[in-house]
Amino acid sequence: MSDLLRRLTSARGVSGDEGDIRKVIIDEITPLVDEVHIDRMGNVIGYKKGTNPKRKVMLCAHMDEVGFIITRIEDNGMLKFATVGSIDSRILPSKRVKIGDKGVPGVMGIKAIHLQEPSERKNAVKAKHMYIDIGARSKEEAEKLVSLGDYAVFDSDLVYFGDGRVKSKALDDRVGCFTLIESLKGNYPFDLYACFTVQEEVGLRGAKVAAYHIQPDIGLVVEGTTCSDVPKVEPHRHTTRMGDGPAISIADLASYSNKRMVSFLIECAKNAGIPYQIKEGITGGNDAGEIQRSRAGAMTAVISVPCRYIHSPSSVMDLKDLDNTVRLVKEFLEGCESL
Amino acid sequence: MDAKAFLKELIDIPGVSGYEDEISRVIMDAFKPYCHEVRRDAFFNVYGKKIGNVGQKGPRIMLAAHLDEIGLMVKDIDDKGFISFTNIGGVDQRILLSQEVIIHGKERLYGVIGAKPPHLQEKGETEKAVPMDEMMIDVGLHPDDIKKKVTIGDLITFKSPLISLGGNMVCGKSIDDRAGVVMMLETMKELDKLVFSGEVYFVATSQEEVGTRGAIISTYSVDPDIGIAIDVTHGDTPDAPKDETHAMDKGPVIAVGPNMHPKLTERLMNVADDNEIGYLIEVEPGLTGTDARSIQVSREGVPTVLIELPLRYMHTTVETLNMENIRKAARLTALFIASMKEGWEECLTY
């Protein structure tokens, strides 16, 4: 388990630049599927022919992650950047990044506390005022290492810590990719399409074309979602709780889950003794929105692994939650033809 | 060990002000091959003594670079096991979110600093920095387990190992002032290539970040004729005022102002000029925020110079330094020490 999770989270894959993670996923799924299809957007679709195919089931996890793109190289060799996907710029000061295919190391610094007015320390730093320092002394020096439009990812290794916890970048949604790969190890009566999508973080764009291509009857999205069971958040605003099992969505800003699928997921969890939780609150949205409304429509649902401090270099999840997510998806696939 | 490897080793060793036992032991071991005598006092100051290799009578010179670092301290542990904290030394609360830390409890615990997610913030809240007292450390253990291992008052250090950037730049935590300690070791190596007289004490000082307290004790103890403080100063970055920062590639910085002895500083600059070592000048109108402030007024007064290494993003986990400046500063310092031959007192007369 551990090795695959590390390979998946350490790969680079900012929305629009999924080449590195795509390669990792193709290598992983090729032995497990009948056909690997890479579409024009760069989505990876692993097709596994059913033993008695009557329906098409699409499993979906996005392989892209939030990150940065280099927008300008300054005369002094510093790089200006924009965020790709939603990142709270307050987490950026004093972080390390890797830029481009070569993984050029850089840092997002902030002027020393000694040089600040006391009032400055109370205000958030905005990404547009920040820059990346790669140690270049001039534009020419920087241009040898970096080009405009290069993407950058957080430099953050996967760390196992505490009691079965994991810290890494990109848990959203490499946990979903992990679950899909595990699911491909089973055999099913229906045709299974395991879809690793691009550009979810910039507007569910990969899933749109993938779903059109596949035309699924049933779509199940596996996500990493916000876990807000932390201090200063009232219990009724805990969207998910760490360690309580996979979170089943009723609705979010992109889609309402199919009620029969939700009931069936709950039934699967209960029958197999898998802990689960209902995601509370309707914030966020994911590929289910595009899959559900592709062509003439499909039934969809979403299950998620709770991730604290999501969209940061140090997101945290519980390995039990991931394990139970894999189990629940397997249970679902075993019986979903009856839906 | 080469300078970069030594710096890499040093910054990973905890040594928050007042708790410098471990880092001081490592520094003692590193000094031993180059010194006649190495000792440590009750304040965790480390003293490496080198005796001149010619018979002439020379001054007793004390170099000082601080070995302590800024950090955090456990303030409370809540019912769910989240750990709140406060700072030791100057820490900008805006750098803390998403940092990896080590809590030094009964055992070392890894954790990350978090806060409530942005989508739950009230309107306008995202314009404000998250205050330190609304952050917490998540160590991923059961609260009962945490309370067995962590106590209020336990120290916390950042986890941010040294990495290399472009050119000769390196980046990591606590380069302030472990780079100064590395520079002292490099000065020892340079001195071994030169002829010098007198006694030189290389002191890695404790508790600088909380008021140069190690320097107060150690200067009294050494009772030097001349003091050389070594610390970092601000490197140039686009968001910092130009007149308070220094270029990263123009050599070490020599400070001038009331905290520094004018004649001695002039001599230091002359040595640099004679040997074609480039340097920058920092004007310090009052007391410097370095050990120099305490060395200068020890006992009956100690003529003191201050040599600084430009450092970007000071007191963060991505402090950035040009290694070339360590090399140049060490060479300059060794040549300066070697220039103090018989009759050295003359350079101090007003």
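One term before anything else: a residue is called buried if 20 or more other C-beta atoms lie within 10 Å of its own C-beta atom. Please also keep in mind that this is a predicted model.

Let's start in chain B. B:Leu7 sits in helix α1, which covers residues 3–11 of that chain. Is B:Leu7 buried or exposed? It has 25 C-beta neighbours inside 10 Å, and the cut-off is 20 or more, so B:Leu7 counts as buried.

Which residues does B:Leu7 contact, leaving aside neighbours within four places in sequence? The list is B:Leu162, B:Val170, B:Arg178, B:Ala179 and B:Val182.

Now the chain as a whole. Chain B has 8 helices and 17 strands. Along the principal axes, its C-alpha atoms fill a box of roughly 70 × 40 × 35 Å.

Of the 350 residues in chain B, 56% are buried. Looking at contacts in chain B with a separation of 6 or more, 76% of them are between residues 24 or more positions apart.

Next, the domains. In chain B, domain 1 takes in residues 3–69 and 173–348, while domain 2 runs over 71–158. The centres of these two domains of chain B, taken over C-alpha atoms, are 33 Å apart. How many residues are in contact between them? Domain 1 of chain B contributes 11 and domain 2 of chain B contributes 12. On the domain 1 side, the residues touching domain 2 of chain B are 4 nonpolar, 4 polar and 3 charged.

Last, the contact between the chains. Here 54 residues of chain A are in contact with 52 residues of chain B. On the chain A side, the elements giving two or more residues are β6 (95–99), β7 (104–108), β10 (159–161) and β11 (165–168). Of the elements, β7(A) gives the most, with 3 residues. By residue type, the side of chain A that touches chain B divides into 24 nonpolar, 16 charged and 14 polar.

That's what I have. I'll take questions.

Note on methods. Residues numbered from 1 in each chain as written. Chains lettered and ligands numbered in written order. Predicted model: local features only at pLDDT ≥ 70, side-chain atom pairs only at ≥ 80, totals over all residues. Contact = placed C-beta atoms within 7 Å. Helix = DSSP H or I, 4+ residues; strand = E, 2+ residues; numbered from the N terminus. Nonpolar A, V, L, I, M, F, W, Y, C, P; charged D, E, K, R; others polar. Buried ≥ 20, exposed ≤ 12 C-beta atoms within 10 Å, placed from the backbone. Domains from an automatic or database assignment.
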